[in-house]
Amino acid sequence: RKEKKRKEKKKEANMAVPLTVLNGMISIGIDPNVQATGTSPAQRVASEVFSNNFLTCMDLNDDQTDTAMKVFSALTVAEGRVRLLPGGVRRIKACTQFVCHQLRLGVDPASIAFNPANEATHNRQRAAQRKFIKDSSNLASEAKPSSFADSTKWIDWIKTFWNYLRLIPSRDNIPLCHVVRPQAAPDRTPQPDFLDTCVNSAALTGPAFDTDNAKVCMLLKKLVEGNADAELIFLEFETTLNGRGAVDALRVRYEGVRAHSITRAEATHAIEKMFYSGEKPPHHMWATFEAKLKAACVNHNRIEGRAANNSAHSNESRLDKLINNVKADFLQPVKAQIAVQMNMPGVNYTFQMAPDAFRHAVNAKYGPNRTAVNLTKRTVNEVEGQRSKQPHKNRNGPGSEPGFKHKNQVKKNRPDSRIVRLKNGQWIDYHPGYGFPKPVWDQFPDWLMKDLEQKRKAFNATKDTGTRNSDRQLEELSQRVVENVTRQLSQAGSVPGSVDIDQSTIATNNDDRDNSPTGSRRSIMGGKNDQHSQRQNGSRRS
């Protein structure tokens, strides 16, 4: 019993002593007694492994620690052998992790004693950092954001940039995103993820931060190239390699500051003006309305610097705004029920409970599996039905806009036309001879455009050839008639009372015209006169 008390007093004394590298080795159980070499095992480990300097812990990995302990155990007693059980090696790694974390926080490790009882916690944190470093090379390349273009929204782009930096290790092996965190003061509140604790509590000063700050500056430079406005802001910080300053300046430019914050203005507008009137476009569906309303409350509190339990709007104020913004008639009973519960003594009805009540009523009326796409499609069909009742409106004829109909519902206006599908999914009656308005023309697929151009080009070439052949045949016929009249005059010796026309000449020309591919002026462009001519020609041939 006395021996147990003596060990407890010794342990408490070691914990009370300001931490040095030597005291840390003694506190984890390394022998402090001087041996034949003139030094103790604790002194040899502190001097030869850690150089009696806490900064050595920042760059000492597990492999180097294991190798050093193996070398010590292989020495002879005269050479200063040091043998540690596996538990002693784990405690050395835990002490190293504890010192590294204090240095990242900007705290002097000598001011805090190391507690070996937290060995498991420190080693788990060390394992989390090893895994983060191992996975960073593959994940960071996949998460690299696109360039910040003029048309890109800053509020969306900065999130992707933050996630990208979250996967890159810094000089001290914590996420690089700590450089651009919004708050400058360290927040040492423990987080579920140890790496998030490091991000919130890391010091924004010192040589390691300067290295990380320059790295962020170079990464940001590549991503803002091509955006004239962002590049102009970035130039002020490029010479000093101040990546944090550049990101803060871009935040002020695109987000505003506190009362002038764009996010705060949008959140206030959503809380005050956004309303719900039912599951019908173009108004918000309940799922969208609820998500935007909750996001607005969170953003408003974030800009104001308030905690979740200290909202800028009281619970009663938010409930009143929600009830006033719900305009749907079928939710009136739910609104009355919430108002009654708000006024009942002893009932703490919160703002988080009201959206659930409204959501259950919406699901009971419309069903939980509704989507905005289905609702939109139903609305278009109703409009289509109204249009189809209008008289004297051929919606599928040449030059008309395509209706929202199925392929089997579109009628063909010509026997040689066909039903084709446009880019927007609509079906129309298509023929090269039809004229189409620009909205329909823009929806033509590439293959249909090529088909239309080829057939119209072939028609124009055929039309020109047919005209030239007709002119040439008429000239030949006239020449033959003149020759025939001249010959008869020469034979009669005087002007005859009548002139006989060689019918074979005309018949020959007519036969040539009928047999030629262009003589009948057949065309893919069609027309009523052309169809009439074709029917007459067919009856004569028959």
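**A helix pair, the core and a buried phenylalanine**

Mentor: Helix α11 (residues 228–238) and helix α12 (residues 243–255) pack at an angle of about 145 degrees, with their axes 9 Å apart; axes are lines fitted to C-alpha atoms over the stretch in contact, and angles run from 0 to 180 degrees between N-to-C directions. This is a predicted model, in which local features need pLDDT of at least 70 and side-chain atom pairs count only at pLDDT 80 or more, while totals for chains, interfaces and linings use all residues. Residues are numbered from 1 along each chain as its sequence is written, and side-chain values use heavy atoms, with hydrogens and water left out.

Trainee: Which residues of α11 and α12 make the contact?
Mentor: From α11 they are Asp-229, Ala-230, Ile-233, Phe-234 and Phe-237, and from α12 they are Gly-245, Ala-246, Ala-249, Leu-250, Arg-253 and Tyr-254, where contact means heavy atoms within 4.5 Å.

Trainee: And how do they divide into nonpolar, polar and charged?
Mentor: There are 8 nonpolar, 1 polar and 2 charged residues in the contact of α11 with α12; Ala, Val, Leu, Ile, Met, Phe, Trp, Tyr, Cys and Pro count as nonpolar, Asp, Glu, Lys and Arg as charged, and the others, Gly among them, as polar.

Trainee: Now the core: which residues touch the most other members of the largest one?
Mentor: Phe-161, Leu-165 and Leu-220 do, in a nonpolar core of 30 residues, meaning a set of buried Ala, Val, Leu, Ile, Met, Phe, Trp, Tyr and Cys residues joined through side-chain atoms within 4.5 Å. At least two residues of this core come from each of α8 (154–166), α10 (207–223), α11 and α12.

Trainee: What does Leu-165 touch?
Mentor: Leaving aside residues up to four places away in sequence, Leu-165 touches Pro-175, Leu-176, Cys-177, Val-180, Val-216 and Leu-219.

Trainee: Switching to Phe-72, which helix is it in, and why does it count as buried?
Mentor: Phe-72 lies in helix α5, and it counts as buried because its relative accessibility is 5%, buried being under 20% relative accessible area with a 1.4 Å probe and protein chains only. Its contacts beyond four places in sequence include Arg-44, Val-45 and Glu-48, and the C-alpha atoms of Phe-72 and Val-45 are separated by 8.7 Å.

Trainee: Which residues are buried in α3?
Mentor: In helix α3 (residues 41–48), Pro-41, Ala-42, Arg-44, Val-45 and Ala-46 are buried, and their cover includes α2 (21–27) and α5 (62–74).

Methods:
Helices (H or I, at least four residues) and strands (E, at least two) are DSSP runs, numbered from the N terminus. Buried means under 20% relative accessible area, exposed over 50%, partly exposed in between (1.4 Å probe, protein chains only).
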